[in-house]
2 protein chains.
Amino acid sequence: MSLPDPDWLKQFPALATMPEGERAPLASGAMAMNAPAGTTVYAPGEPCNAFILVISGGVRVYQLDADGNEIVLYRLGPGSICILTTLALLASDAYSAFAITETPVQAMALPVATFNDLMARSAQFRSFVFGAQAARMADLMAVIQNVAFASIESRLAARLLTLAGGGHELSITHQQLAAEIGSAREVVSRQLKAFERRGWVSLGRGRVELRNAAPLRAAAGR
Amino acid sequence: MSLPDPDWLKQFPALATMPEGERAPLASGAMAMNAPAGTTVYAPGEPCNAFILVISGGVRVYQLDADGNEIVLYRLGPGSICILTTLALLASDAYSAFAITETPVQAMALPVATFNDLMARSAQFRSFVFGAQAARMADLMAVIQNVAFASIESRLAARLLTLAGGGHELSITHQQLAAEIGSAREVVSRQLKAFERRGWVSLGRGRVELRNAAPLRAAAGR
DNA sequence: CCAGGCGCGGTGACTTCGTCACAGACCGCT
DNA sequence: AGCGGTCTGTGACGAAGTCACCGCGCCTGG
C-alpha cells in the first residue's frame, strides 16, 4: 500500500467524467496498492474482498488443468478492472483461473461496500463495469475460436505479434509461448524452427526476434 | 407476443423476493414473448433492444467460424437471462456468437429503460444479473478447458450424458454432436462406433441410445 | 575452478485428431 | 420403383499432441 496518485483517475476516462456527487466514493473509498511482478491477484479458493482497478503494469489471467497444462485467457492493462475478482466477489463463484501480475502493478482497490455504493449511485459506473465484462467475455470467445478451430501456425504467429507489440524482440521461452496459446512446448519449438527457416524470425535461448513481420501477419490471418 | 403469465416470476426466485417498490418496474415494464423453436435470439450485427428472461424452453448459444465449424458455448433454460443480448445492449459490443431457441420459448423482455431502472433501483436485481454473468463466464472457461486439454473420448462421453439428462435415448445426428463439442463429424462417428463396440451405446440413424452409463461417466472424467 | 544440477531447446517415434474424398445406407416423396 | 437428400462408414493423409531421451549452456556450491 502507498499513497494514491491523485491523478490516477485519468487512466479511467469513463470514470473521470462522472459528476462530482457520484464520484465521491471513488476518492474516499479507494486504497492504493503496489504489487511486484509475480503477485497473485486471484486464485481459486482464495477469498477476495476488493474491486481492483489497474493503474499501471500488467496482469495475466490464465487457466491450469490437472496435468499442469496452461493457457492464457487475457491480460489486463492500465484502465482495466479485474472482472474475475469482481464476479467472485459478487457471485461467490469459484473459477478455475489464476490472475498474476507480470510487471510491478499500481492499482486502486475498492472495498465491496464502496463498489456497491457506486453501482447503486452511478449509471456511468455501472456501464463502465458492464463494458469491462463485455470485453472479457469477447476475449474468452476469441480464445475458444482459436483453440477450437485455428491452426498452430496462425495462433503462434498472431501471439508473437501481439506480445511484441510493435517491437521486434521478445524475451520468452518456448514453454511460455506454448502456455500462451494452450499448446505443447515441442509443437511450438518445431513451428518456431519452421518460421526461422523461412526467415521470419531468428531464435536464441529465451529469445525470439521478429525479422520479417509481414508474412507473420499473413499467417496470423489464417 | 401474448399475455404474461402472472406467475412467471416464480421461475426467478432471486427476483420474486424483491421488495414491492423495487419489483414494480418488472411487472409494469415486462412484455411477454413466445418464440417457436429455431428463432434467432442473438446474431452478430443484429440490433437487440431488450433484456430477456427465459421462462420456459431452451436457448442454445454457439459460435461459428468462417469455414462453418461450430461449437456450442452454453445453454439457457428457465430462470436464465440472456447475458449476450444484455452485454451487447449495454456495451454495444459485437460478438461472434449466435443464440437460437431449441424448443418453443416463453420469455419476458424488458426494454432497456426498464432494465436500467431496475439496475439503479435494486441491489437484489444487480446481484441477480451479476450472478448470471458469473455463471456464463464459468461456462466459457469450462469450454476452454475442454477444447484445449480434454480428449475427444471424454468430451463426447460427457456431452452424451448431459444431453441425455438422466434419460437413455438421444435424437441427434453425428454432425450435431460434433458441433456440440467443436469437433468433426468423422471423428464423432468413429468414437461412437468405439463406444458401441464396448457396449456403452447403441446407434441408429439420428439416434444414440445409452446402454451403460457407468463407463461413460468414467470416461467423461478423463 | 569445475562438477553437477537444472532450465532450455532439439529430435524421433508414436498416437490422436482433423480433413478430404468417396461410397453406401436410409428416408421421404412422387 | 425411382430419386434426391441426408446421414453414416471408411481409407488415406496431414497436423498436432505425447513420450522418451538427448545435448547444451548457465549457474551455483563445494
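This is a predicted model: local features need pLDDT of at least 70, side-chain atom pairs count only at pLDDT 80 or more; totals for chains, interfaces and linings use all residues.
Residues are numbered from 1 along each chain as its sequence is written, while chains are lettered from A and ligands numbered from 1 in the order in which they are written. Local features need pLDDT of at least 70 and side-chain atom pairs count only at pLDDT 80 or more, whereas totals for chains, interfaces and linings use all residues, and side-chain values use heavy atoms, with hydrogens and water left out.

The elements giving two or more residues to the surface near DNA strand C are α8 (185-197) of chain A and α8 (185-197) of chain B, where helices (H or I, at least four residues) and strands (E, at least two) are DSSP runs numbered from the N terminus. With 5 residues, α8(A) gives the most to this surface.

DNA strand C is surrounded by 17 residues, of which the closest are A:His174, A:Arg185, A:Gly206, B:Ser183 and B:Arg190; a residue is near a strand if one of its heavy atoms lies within 4 Å of it. Of the atoms of DNA strand C that come within 4 Å of the protein, 44% belong to sugar and phosphate. The surface near DNA strand C comprises 2 nonpolar, 7 polar and 8 charged residues, with Ala, Val, Leu, Ile, Met, Phe, Trp, Tyr, Cys and Pro counted as nonpolar, Asp, Glu, Lys and Arg as charged, and the others, Gly among them, as polar.

Around DNA strand D there are 17 residues, and those that come nearest are A:Ser183, A:Arg190, B:His174, B:Arg205 and B:Gly206. Sugar or phosphate accounts for 39% of the atoms of DNA strand D within 4 Å of the protein, and bases for the rest. A base oxygen of DNA strand D, in turn, lies 3.0 Å from a polar side-chain atom of B:Arg185. The elements that supply two or more residues to the surface near DNA strand D are α8 of chain A and α8 of chain B, and the largest share, 5 residues, comes from α8(B). By class, this surface has 2 nonpolar, 7 polar and 8 charged residues.

Chain A is divided into domain 1 (8-147) and domain 2 (151-220), with bounds that come from an automatic or database domain assignment. The centres of these two domains of chain A, taken over C-alpha atoms, are separated by 29 Å. Their contact (heavy atoms within 4.5 Å) takes 7 residues from domain 1 of chain A and 8 residues from domain 2 of chain A.

Conventions. A polar contact is a pair of N or O atoms within 3.5 Å; within protein, one must be able to donate a hydrogen and the other to accept it, and residues adjacent in sequence count only if both atoms are side-chain atoms.
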